[in-house]
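Hi,

Here is the structure I promised to pass on, with my notes below it. Have a look at it first, then read on.

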Amino acid sequence: MRFLTDRKRAAGLGSAGDGVHHWWQQRVTAVALVPLALLFLFPFARALGSGHEAVLAAYGKPFNAIVAIAFFAAAFAHLRLGLQEVIVDYVSSHGMRAALLVVNTLACWLLGLAGIFAVVLIAL
Amino acid sequence: MADVNRGNRPLSPFMLGKYYRFQISSLTSILHRITGVAMGGAALLVVWWFLAAATGPAAFARADWVLTSWLGHLVLIGALWALFYHLLNGIRHLVWDAGHGFDLETAARTGKGALIGSAVLTLLTVIIVAMG
Ligand code: HEM
């Protein structure tokens, strides 16, 4: 039993401290990913194994490049939120939880930016 | 909301088995989590492949060889199924969030739809891509 009134809980935005922000961001990125994942999938699957020149040509096209960049942005934002939820569910030690959440955030940003940078390099 | 039982009731996760009979909704739920995390691993491979393509022919040849190897194909087709399953079940989640499809019959039907639909879409995609 905790000595916290329901009004205090509401004003403090609940146990996560950020209200519905995380939940809402996950929905927004999920909606974005429905078209983006499908648009990303087919040019990527065709480019696989087609040779270096063909890959450079495929992602030299603005449409494919922009789709790939938007896909990486949405997917890694969504992955960060999703893995955060998994970590919070299974890791209860506060120190370990905080450390994993930091690693998760940094790794997802790093990979997302690396993917976007690679597509930009190919496209330009 | 007054909640007299806060703190000493069984809480998610780890509900399966002891508190919760295994059924199609448990299966679709845990698969959503497994496919989400697994796609994180696949995303690593995809980013590596793009970075290699941006780096040059030698680096690209190495990454492309790994992804199109026997094992690479197996992993990528697994990731393809994960994507289709997670996408279909994700839409199911979004529909629930909008307040629809919660009754047991509908939930079981859409769950089966996500399972069967993802297998069919994976097969179709593999065929379409393999035929060029
Ligand atoms: C293709 C379109 C996608 C849709 C519609 C979608 C939808 C969703 C939704 C609605 C959730 C929240 C589920 C819940 O509240 O329990 C979720 C969770 C998650 N998603 Fe996605 N997603 C998509 C793509 C992806 C991709 C590409 C990745 C990985 C790179 C991913 C990784 C995750 C992870 C790790 C979670 C957390 C799972 C959990 O908490 O159990 N999703 N997704």
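The ligand site is shared between chains, because residues from chains A and B surround the ligand. Please keep in mind throughout that this is a predicted model. The shell around the ligand has 20 residues, and the closest are A:Gln26, A:Arg27, A:His78, B:Arg33 and B:His86. By type, the shell divides into nine nonpolar, eight polar and three charged residues.

Which helices supply the shell with at least two residues each? On the chain A side they are helix 2 (21–47) and helix 4 (62–90), and on the chain B side helix 1 (24–55) and helix 3 (70–97). Helix 2 of chain A gives the most, with six residues.

- B:His86 places a polar side-chain atom 2.8 Å from a nitrogen atom of the ligand.
- A:Arg27 has a polar side-chain atom 3.0 Å from an oxygen atom of the ligand.
- B:His32 has a polar side-chain atom 3.3 Å from a nitrogen atom of the ligand.

B:Arg33, one of the closest residues to the ligand, also has a partner on the other chain: its side chain and that of A:Tyr90 are joined by a polar contact of 3.1 Å. A:Tyr90 belongs to helix 4 of chain A. With a relative accessible area of 37%, A:Tyr90 is partly exposed.

Now to the core. The largest nonpolar core has 39 residues, and those with the most contacts inside it are A:Phe40, A:Phe44, A:Tyr59, A:Phe71, A:Phe72, B:Trp49 and B:Phe50.

Which residues does A:Phe40 contact, leaving aside its neighbours within four places in sequence? In chain A they are A:Tyr59, A:Val67, A:Ala68 and A:Phe71, and in chain B they are B:Val46 and B:Phe50.

Another residue I looked at is A:His22, in helix 2 of chain A. Is A:His22 buried or exposed? Its relative accessibility is 14%, so A:His22 counts as buried. Apart from neighbours within four places in sequence, A:His22 is in contact with A:Leu81, A:Gln84 and A:Glu85.

Finally, a few words on chain B as a whole. Chain B has four helices and zero strands, and its pattern along the sequence reads α-α-α-α. The C-alpha trace of chain B spans about 65 × 35 × 30 Å along its principal axes. The radius of gyration of chain B is 20 Å, whereas a compact globule of 132 residues would have one near 14 Å. Of the 132 residues in chain B, 34% are buried. Among its contacts between residues at least 6 apart in sequence, 66% join residues at least 24 apart.

Happy browsing, and best wishes

Note on methods:
Residues are numbered from 1 along each chain as its sequence is written. Chains are lettered from A and ligands numbered from 1 in the order in which they are written. This is a predicted model: local features need pLDDT of at least 70, side-chain atom pairs count only at pLDDT 80 or more; totals for chains, interfaces and linings use all residues. Side-chain values use heavy atoms; hydrogens and water are left out. A residue is near a molecule or strand if one of its heavy atoms lies within 4 Å of it. A polar contact is a pair of N or O atoms within 3.5 Å; within protein, one must be able to donate a hydrogen and the other to accept it, and residues adjacent in sequence count only if both atoms are side-chain atoms. Ala, Val, Leu, Ile, Met, Phe, Trp, Tyr, Cys and Pro count as nonpolar, Asp, Glu, Lys and Arg as charged, and the others, Gly among them, as polar. A nonpolar core is a set of buried Ala, Val, Leu, Ile, Met, Phe, Trp, Tyr and Cys residues joined through side-chain atoms within 4.5 Å. Buried means under 20% relative accessible area, exposed over 50%, partly exposed in between (1.4 Å probe, protein chains only). Contact means heavy atoms within 4.5 Å. The radius of gyration is taken over C-alpha atoms; the globule rule is 2.2 Å times the number of residues to the power 0.38.
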